[in-house]
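Hi,

Here is the structure I promised to pass on. Have a look at it first, and then read my notes below.

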Amino acid sequence: MSLNHIRPWRNIYRRKSRQIMVGNVPVGGDAPITVQTMTNTLTTDIKGTIAQIQAAAEAGADIVRVSVPDEASSKALKEIVREVSVPIVADIHFHYKRGIEAAEAGAACLRINPGNIGDEKRVKEVIKAARDHNCSIRIGVNAGSLERHLLEKYGEPCPDAMVESGLDHIKILQDNDFHEFKISCKASDVFMAAAAYQQLADATDAPIHLGITEAGGLISGTVKSAIGMGNLLWMGIGDTIRVSLSADPVEEVKMGFEILKSLGLRHRGVNIISCPSCARQGFDVIKTVEALEKRLEHIKTPMSLSIIGCVVNGPGEALMTDVGFTGGGNGSGMVYLAGKQSHKLGNEGMIEHIVEQVEARAAVIEAEEQAAE
């Protein structure tokens, strides 16, 4: 992010990593932090998988991962890759031949798990396929599937074991003159994952894929991911992220962007600033915000909207947002545009009017950006 000299406490100094390409998407270096998700359809359900990838892309996913557990999935992957617009990462476990097949099918990246991909000879064959087909590789270390010798050495999954696993496999790739790789070291334990990622960030300049694996459902999983990844991102660690939820992949994408938006690391769509509501509210804040979140999903332009129930904080928040509405008395409130008081608005029809104002402001912002190019 750019340095903020007026508010230096907002500055995040990103770790310097080298840049690789996942298809046409740069990861690492000075590239924006990318948001990923993973399909949960059967890969052999080509139509359903394509639909899910397209929905994730529409929600803002930069990269989508697809599981390739068998030969039939490898064959399906070829058709899937041809029909979608985002780079596809092939998720490979146990069967190294699936990695070779996925590279041949057009995957942009191969995710291999050091704990179950097999011996070094098999890894070398996957490396050759990746090189031949212009694929990058993600070394995906997971606390739940560490190599047996590391578990025997350390006694249990721990940050040291995870980092050692990752560095061992980095060495294999580098010894084979392959450098188009990124790495992750995920755990469901937030503390373990955070400690492992901090060690890893000091030990390599490879791009880092952040994630808290098996985080849980929509609410609990988002909270765990926001705590674990949020702290790491705040420290400048992380080049690409996935919020792993037992939920629709689109929700993973939304939550990923919300985490990045909260830190000022990515900006997409409308950032709604709203109060929790209380007895002072001049309208039903909760229902209004719920309705606006749905109605404004189509806006991709980065902008802000404040919805505040009363005049205690409303005017102050509205001064700092693109569009604002502050509740007042007698069933009406005040609309603010570009931080300035604009006009009164009755509570009836306020949602439609606010949507119109946001759409109009988004059009102005887009026009200004195009004129500046």
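This is a predicted model: local features need pLDDT of at least 70, side-chain atom pairs count only at pLDDT 80 or more; totals for chains, interfaces and linings use all residues.

**Starting at Gln36**

Is Gln36 buried or exposed? Its relative accessibility is 1%, so Gln36 counts as buried; the cut-off for buried is under 20%. The side chain of Gln36 has a polar partner too: a contact of 2.8 Å with the side chain of Thr240. If you skip the neighbours within four places in sequence, Gln36 is in contact with Ile63, Lys182, His209, Thr240, Ile241 and Arg242.

**Arg266, in a loop**

Next, go to Arg266, which you'll find in the loop between α9 (249-262) and β11 (270-274). Arg266 has a relative accessible area of 16% and is therefore buried.

What does the side chain of Arg266 reach at 2.5 Å? That is the backbone oxygen of Ile33. There is also a polar contact of 3.3 Å between the side chains of Arg266 and Asp62. Both of those partners turn up again among the contacts of Arg266 beyond four places in sequence, which are Pro32, Ile33, Thr34, Val35, Asp62, Phe257, Leu260 and Lys261.

**Lys121, out in the open**

Lys121 belongs to helix α4, residues 120-132. Its relative accessibility is 60%, so Lys121 counts as exposed; exposed means over 50%. While you're there, check the pair Lys121 and Ile172: they are 51 residues apart along the chain, and their C-alpha atoms are separated by 10.0 Å.

**The whole protein**

Now zoom out. The protein has 12 helices and 15 strands, and its C-alpha trace spans about 75 × 40 × 40 Å along the principal axes. A compact globule of 373 residues would have a radius of gyration near 21 Å, and the protein has 23 Å, which agrees.

Of those 373 residues, 51% count as buried. Among contacts with a separation of 6 or more, 62% come from residues 24 or more positions apart.

As for the surface, the protein exposes about 17,400 Å², with carbon and sulfur atoms supplying 52% of that area. There are 39 positive and 47 negative side chains, and the centres of the two sets lie 1 Å apart.

That's what I have for now.

Cheers

How values were computed
Residues are numbered from 1 along each chain as its sequence is written. Side-chain values use heavy atoms; hydrogens and water are left out. Buried means under 20% relative accessible area, exposed over 50%, partly exposed in between (1.4 Å probe, protein chains only). A polar contact is a pair of N or O atoms within 3.5 Å; within protein, one must be able to donate a hydrogen and the other to accept it, and residues adjacent in sequence count only if both atoms are side-chain atoms. Contact means heavy atoms within 4.5 Å. Helices (H or I, at least four residues) and strands (E, at least two) are DSSP runs, numbered from the N terminus. The radius of gyration is taken over C-alpha atoms; the globule rule is 2.2 Å times the number of residues to the power 0.38. Accessible areas come from the Shrake-Rupley method with a 1.4 Å probe; for residues, only the protein chains shown count as cover. Lys and Arg count as positive and Asp and Glu as negative; His and the chain ends are not counted. The place of a charge is taken as NZ of Lys, CZ of Arg, CG of Asp or CD of Glu.
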